[in-house]
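Hello,

Here is the structure we spoke about, with my notes below it. Please read them with the model open.

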Amino acid sequence: MRKKIVAGNWKMNKTFDDAYELVEAIAEKMETLAKPEHEVVICPPFPFLEMCGDMSQESFFAVGAQDVSEHESGAYTGEVSAAMLKSMEMDYCIVGHSERRAYHNESNEAIANKVKQLLANDIRPIFCCGEKLPEREAGTQFDVVEKQISESLFGLSADEFANIVIAYEPVWAIGTGKTATPEQAQEMHHHIRSLIEKKYGHDTADNTTILYGGSCNAKNAKELFANPDVDGGLIGGASLKADDFVTIIESL
Ligand code: PGA
């Protein structure tokens with residue numbers, strides 16, 4: 001049975017004290033998870049990983065980073081390696097977010113390398129994919145997502161792939177307040193699951209967690225998560241408010 005996950009992507013928000021307050025408020029409002037098969041992941045900026053990791057010890061949530069270097073170690077000023085994240089006991093790491101693809105020119109190949117670094121260090125990648133508005137308007141969204149997934153993930157063995165979480169995030173929905181309809185989300189998630197089935201077989205496809213991201217909030221989460229192929233969400237803006245984030249977790 002696949003895990004249902006709500007992950008909060010804080011992006012480049014909060015200072016240390018604000019971050020502490022937010023995690024504390026989330027932890028207080030949700031002393032335990034309603035269902036043990038659900039997982040909550042908080043992905044703060046790098047400087048707050050240690051604090052969030054410490055707070056997660058006594059709480060119900062897991063912690064993840066927002067990015068990782070595609071290199072193992074060495075002269076890469078400003079980069080953070082998967083081994084560093086592992087040494088801080090990180091459980092997850094977002095890779096291939098559309099903001100990194102757009103502002104840092106991340107290619108499918110670079111993202112494939114990041115995925116490999118994470119898997120070599122036992123960290124579960126939350127792999128983001130999704131089409132831009134003109135691509136959806138041209139009706140090419142399924143091909144775009146297939147290319148992203150096949151070029152970055154389909155070089156993995158079935159055992160390696162079993163550790164991947166996929167987040168479908170249509171770029172036109174991120175931070176815009178324009179959410180995909182539940183039908184659009186279900187249609188793409190079903191497409192993604194059938195690609196995985198074709199490559200790795202039914203069981204792997206059935207066990208893969210596929211999250212929706214893009215203006216998912218306390219109001220629309222329940223309707224989105226009710227779809228059979230939507231296994232939770234990757235939440236940006238709404239993960240910065242404890243009440244909203246907890247409502248989204250409770251919508252699983
Ligand atoms: P949003 O961001 O919820 O603010 O749209 C989601 C994401 O980029 O992961």
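**The ligand site**

The shell around the ligand is made up of four nonpolar, seven polar and two charged residues (Ala, Val, Leu, Ile, Met, Phe, Trp, Tyr, Cys and Pro count as nonpolar, Asp, Glu, Lys and Arg as charged, and the others, Gly among them, as polar). This is a predicted model, in which local features need pLDDT of at least 70 and side-chain atom pairs count only at pLDDT 80 or more, while totals for chains, interfaces and linings use all residues. Residues are numbered from 1 along each chain as its sequence is written, and side-chain values use heavy atoms, with hydrogens and water left out.

In total, 13 residues surround the ligand, a residue being near when one of its heavy atoms lies within 4 Å. The closest are Lys11, His97, Glu169, Gly175 and Ser215.

- Histidine 97 places a side-chain N or O atom 2.6 Å from an oxygen atom of the ligand.
- Serine 215 has a backbone N or O atom 2.7 Å from an oxygen atom of the ligand.
- Glycine 236 has a polar backbone atom 2.9 Å from an oxygen atom of the ligand.

On its own the ligand has 280 Å² of accessible area, and the protein covers 95% of that (Shrake-Rupley method, 1.4 Å probe; for residues, only the protein chains shown count as cover).

**The chain as a whole**

The protein chain has 12 helices and eight strands; these are DSSP runs, numbered from the N terminus, with helices (H or I) of at least four residues and strands (E) of at least two. Along the principal axes, the C-alpha atoms fill a box of roughly 45 × 45 × 35 Å.

Of the 252 residues, 55% count as buried (buried is under 20% relative accessible area, exposed over 50%, partly exposed in between, with a 1.4 Å probe and protein chains only). The chain exposes about 11,600 Å², and carbon and sulfur atoms supply 48% of this. Among contacts (heavy atoms within 4.5 Å) between residues at least 6 apart in sequence, 70% join residues at least 24 apart.

**Helix H2**

Six of the eight residues of helix H2 (residues 49-56) are buried: Leu49, Met51, Cys52, Gly53, Met55 and Ser56. These buried residues pack against helix H1 (16-29), strand E3 (62-65) and helix H3 (82-87).

**Individual residues**

Most residues other than glycine have a negative phi. Glutamate 89, in the loop between H3 and strand E4 (92-95), has a positive phi near 60°. Its relative accessibility is 57%, so glutamate 89 counts as exposed. Asparagine 105 also has a positive phi, of about 50°. Asparagine 105 sits in the loop between helix H4 (98-103) and helix H5 (108-120), and counts as exposed because its relative accessibility is 65%.

Aspartate 203 belongs to helix H10 (residues 202-207) and, at 56% relative accessibility, counts as exposed.

Regards

Terms used
A polar contact is a pair of N or O atoms within 3.5 Å; within protein, one must be able to donate a hydrogen and the other to accept it, and residues adjacent in sequence count only if both atoms are side-chain atoms.
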